[in-house]
Amino acid sequence: MSLKIIGAGFGRTGTKSLQVALEQLGFAPCYHMTAVFTHPDHVATWAAATAGQPVDWQHFLQGYQATVDWPGCTFYQELMAAYPDAKVLLNVRDPERWYQSAYDTIYGATRDLPTFVRWLRPSIGRSVDMINQLIWRQTFGDAFADKARAIAIFNAHNEEVQRVVPPERLLVYEVKEGWEPLCRFLNVPVPETPFPHLNDTAEFQKMANRRRLLGRLVPWLLAVLVVVVALVVYWLLRG
C-alpha cells in the first residue's frame, strides 16, 4: 500500500473532518496528528525530520494511504519526492478564523500541559515536546501569539504550496465545499452520506477544560492521599 494523498494544509483547517472523509472515500488509514499520541514510537521519526535528518518515508508511512494535518504538512515536499504519484491536498480556511481556532485550541493545549500528565504519561510529554518544537518554535518562530505574524506565515505556506506543486497534482480545498470537489479531484463517487464535521473549537475547548480541571484537582487529591497515609501510619505505630 502506498501513500496516495499528501495533506499540505496546516492544522485547524478542518483536518479531522478531512481525515474521516478521506477514510470514508477508501483512503484509509489517513495519518493525522492524533496518530502521534496513539503511536508514541513515531515521535522519534518526526523529531528527526524536524531536526533535518533524513527519513525513509516509505518505510515509516507503510500502510497509510493519506496524510493530513501536522506533522505531515510540514514535510509535504519530502513526501512528494518519496511518492511521485501522490496527489496533494491543500486544505485552507479564512486566515482570521484559522488563527482564532488554533489559538483557542491546540496552541494552549500543547503549551500548557499539566505536570501530572508528564508524570503519568511520559509518552504524551515527548509528543507535546515534538509538537512544540516543530510547530510553535520552528514553523512560527516562537511567536504564534503575534497574530499578524502567524497569519503571514500561514498565508506564505499556502502560497508556497501553490507555487511548488504542479497544478494538475494539486487541489486547494475548504471542507465547507463538501464532497463534490474532493471526489472529483480523487476520481471517486460522491457518497450519499453528509460530509463529516468534527473537532470544532467548542468541542476541543470542552475537552481542554476537563483536562485543566483535572490538572487542578490532581495535586489536591495527592495531598489528601499523603495526609491519609500519614494518619494511618501514625495510628498503626501508636497501636
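**Aromatic pairs and a helix crossing**

Let me start with a charge over a ring. Lysine 87 sits over the face of phenylalanine 185, and the distance to the ring centre is 4.9 Å. Keep in mind that this is a predicted model.

Now the overall picture. The protein chain has 11 helices and five strands. It runs to 239 residues, and buried residues make up 46% of them. The accessible surface comes to about 12,800 Å². Carbon and sulfur atoms account for 58% of that surface. On contacts, take residues at least 6 apart in sequence. Of those contacts, 76% join residues at least 24 apart.

Next, the aromatics. How many aromatic pairs does the structure hold? The count is 27. Here is one of them. The ring centres of tryptophan 98 and phenylalanine 140 are 6.0 Å apart. Their planes are at 25°, so the pair is stacked. The cut-off for stacked is under 30 degrees.

Where do the two partners lie? Tryptophan 98 is in helix α6, residues 95–111. Phenylalanine 140 is in the loop between α8 (122–139) and α9 (147–164). The pair therefore ties together parts that are 42 residues apart in sequence.

Buried or exposed? Take tryptophan 98. Its relative accessible area is 0%, so tryptophan 98 is buried. Phenylalanine 140 has a relative accessible area of 1%, so this residue is buried too. The cut-off for buried is under 20%.

Ring pairs link Trp98 and Phe140 into a cluster with Phe10, Trp70, Tyr99, Tyr103, Tyr107, Trp136, Phe144 and Phe154.

What about the geometry of α6 and α9? The two axes come within 10 Å. They cross at roughly 115°. The crossing is right-handed.

Proline 84 has a relative accessible area of 55%, so it counts as exposed. The cut-off there is over 50%. Which residue goes with proline 84 in a C-alpha pair 81 residues apart along the chain? That is leucine 3, and the two C-alpha atoms are separated by 9.6 Å.

Note on methods: Residues are numbered from 1 along each chain as its sequence is written. This is a predicted model: local features need pLDDT of at least 70, side-chain atom pairs count only at pLDDT 80 or more; totals for chains, interfaces and linings use all residues. Side-chain values use heavy atoms; hydrogens and water are left out. Rings of Phe, Tyr and Trp (its six-membered ring) pair if their centres lie within 6.5 Å; planes under 30 degrees apart count as stacked, over 60 as edge-to-face and the rest as tilted. Helices (H or I, at least four residues) and strands (E, at least two) are DSSP runs, numbered from the N terminus. Buried means under 20% relative accessible area, exposed over 50%, partly exposed in between (1.4 Å probe, protein chains only). A charge sits over a ring if NZ of Lys or CZ of Arg is within 6 Å of the ring centre and within 35 degrees of the ring normal. Contact means heavy atoms within 4.5 Å. Accessible areas come from the Shrake-Rupley method with a 1.4 Å probe; for residues, only the protein chains shown count as cover. Axes are lines fitted to C-alpha atoms, for helices over the stretch in contact, and angles run from 0 to 180 degrees between N-to-C directions. A crossing is left-handed if the near helix is turned anticlockwise from the far one by less than a right angle, and right-handed if clockwise.
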